[in-house]
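Dear colleague,

Please find the structure below, together with the sequence.

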Amino acid sequence: MKTNYDAIIVGGGPAGSTAAILLAQAGWSVAVIEKYAFPRRKVCGECIAATNLALFDLLGIGLQFDALAGPELRSVGLCVGEEMLIADLPPFAEPSHPWGRVLGREHLDTLLLQRAAASSADVWQPWTVKHVSHSDNLRKTCHLVGRAADATATLSAPVLIAAHGSWETDPFTEQRHDLPHRESDLFAFKGTYRDACLAPGVLPVLAFPGGYGGMVLGDHDHLTLAFCIRRDALRTCRERSVGLPAALAAQAHVALSCAGVRHALADASLVAPWLAVGPIRPGIRSPWRYDGVFAIGNAAGEAHPILGEGISMAIQSAWMLCELLIPRRAELVAGRAADEVGRHYAARWRRSFTARIRVAALFAHIAMRPRATAALLALVRRWPGILTTSARLGAKVHRVVKTDGRPKRLVT
Ligand SMILES: Cc1cc2nc3c(=O)[nH]c(=O)nc-3n(C[C@H](O)[C@H](O)[C@H](O)COP(=O)(O)OP(=O)(O)OC[C@H]3O[C@@H](n4cnc5c(N)ncnc54)[C@H](O)[C@@H]3O)c2cc1C
């Protein structure tokens, strides 16, 4: 494969693959680098908001997505203690796709990355970007290692897109594992079950002391249970369940705290080993890193996953950035316009995503605190529509990207 590109994208999750498809389809020479072989499972609730489904059609994976995804998500629940309160989810104003769906990340991420390759992006996989340097004022250089111990490569481009998520070492700053521990750090877990008992199309949000989560029936009738738990709460669970692995100790705590989970899993069995990741630290990072280096998806900012909006933010931030990059290709390749595009993108990113990151943080903090949850429960018992309004506030039906045909600006 070649080593000089117009753009290099670090990470082949939903954000990176979306950017790779859009840039490659606009005629850019693009490399996307993904450290793991696909298909691979990932910690995620796997709920995909309706706001993305028309984008999947434009990206060219709509038909496969429709064929694979689980039932339409039409209701939201609040599952606390012995109670499970249910309300309608608001429909998205897109007649062809009013409701979100659920699809395992082993399927979704594979579909998107395969589509990037079919769109003529060079997919370097499994390769890891170890570090990034500037060879001169214009080109940025990525130093890669492959799976074989001695496999290395050096790629360069004037545009670099950080799409490596937020749960691993950042190859741009080489920071991550040396962060000081905080009791508020969140650890995330995912279990996938067969023979679970949950109505299709219902998405119960779980609130329990020290954490929050969700469960949903997705593709292949499998139930995904995904949750986050604070470091201090996880420690207490492990002290209570001596000898159990962290995931099982935490799952026992969730089931003890939420009757809905006990009921759903009564006859269920795991279809694959538990997955865990952490610590995760939701918050706004930096959508524009420096001259010619942009961030999308979790690398730019991460909402508490209580809203299940991370995949939307990944796909939509990639789209937003590509809309700004594509018409400026000649200038960017010549080393001009990067600042202007960066400032514009950062402003648009903040306008589009800051509110949902704050709303998600508010809900997450309520869900983790039993007194706040009790107060919320009392309100929802009286006005179940609060759940519908909360989904609206969480941007479940907020349009960030226009989908009335492929946006003209994406065509060079
Ligand atoms: C418990 C939990 C539940 C969630 N539930 C939902 C949900 O229901 N709905 C929803 O929309 N979102 C949900 N999310 C959030 C969602 O998973 C993320 O926001 C989403 O994965 C972000 O996509 P991304 O492309 O930015 O990053 P990622 O999906 O993390 O992709 C980044 C990719 O980059 C690769 N990579 C990393 N470093 C390198 C490197 N140095 N070199 C090469 N490749 C690299 C990784 O292997 C990975 O494939 C949940 C998150 C958690 C923790």
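T388 is buried, since its relative accessible area is 15% and the limit for a buried residue is under 20%. Please bear in mind that this is a predicted model. T388 belongs to helix α12. Setting aside residues up to four places away in sequence, T388 touches A87, D88, L89 and P90.

T388 is one of the buried residues of α12, a helix that runs over residues 385–393; L387, S390 and A391 are buried there as well. These residues lie on the same side of α12, because they cover an arc of only 160° around the axis. Just after α12, A395 adopts a positive phi of about 75°.

**The ligand and its surroundings**

The ligand is surrounded by 36 residues, of which E34, G45, R105, N298 and I311 are the closest. At least two residues of the shell come from each of α1 (14–25), β8 (128–134) and α8 (310–325). The largest contribution is that of α8, which gives 3 residues.

Several pairs of polar atoms may be of interest to you:

- The side chain of K42 has an N or O atom 2.9 Å from an oxygen atom of the ligand.
- A polar backbone atom of G308 is 3.1 Å from an oxygen atom of the ligand.
- A polar backbone atom of I33 is 3.5 Å from a nitrogen atom of the ligand.

On its own, the ligand has 1000 Å² of accessible area, and the protein covers 97% of it.

Is R289 buried or partly exposed? With a relative accessible area of 21%, R289 is partly exposed, because buried would require a value under 20%. R289 is part of strand β19, which comprises residues 288–290. Its side chain makes a polar contact of 3.0 Å with the side chain of D170. D170 is also among the residues in contact with R289 when neighbours within four places in sequence are left aside; the others are A162, H164, F172, A295 and A299. Finally, R289 and A347 are 58 residues apart along the chain, and their C-alpha atoms are separated by 13 Å.

With kind regards

Notes
Residues numbered from 1 in each chain as written. Predicted model: local features only at pLDDT ≥ 70, side-chain atom pairs only at ≥ 80, totals over all residues. Heavy atoms only, no water. Buried < 20%, exposed > 50% of the residue type's maximum accessible area, 1.4 Å probe, protein only. Helix = DSSP H or I, 4+ residues; strand = E, 2+ residues; numbered from the N terminus. Arc of directions from axis to C-beta. Near = heavy atom within 4 Å. Polar contact = N/O pair within 3.5 Å; in protein donor to acceptor, adjacent residues only side chain to side chain. Areas by Shrake-Rupley, 256 points an atom, 1.4 Å probe, with all protein chains shown as cover. Contact = heavy atoms within 4.5 Å.
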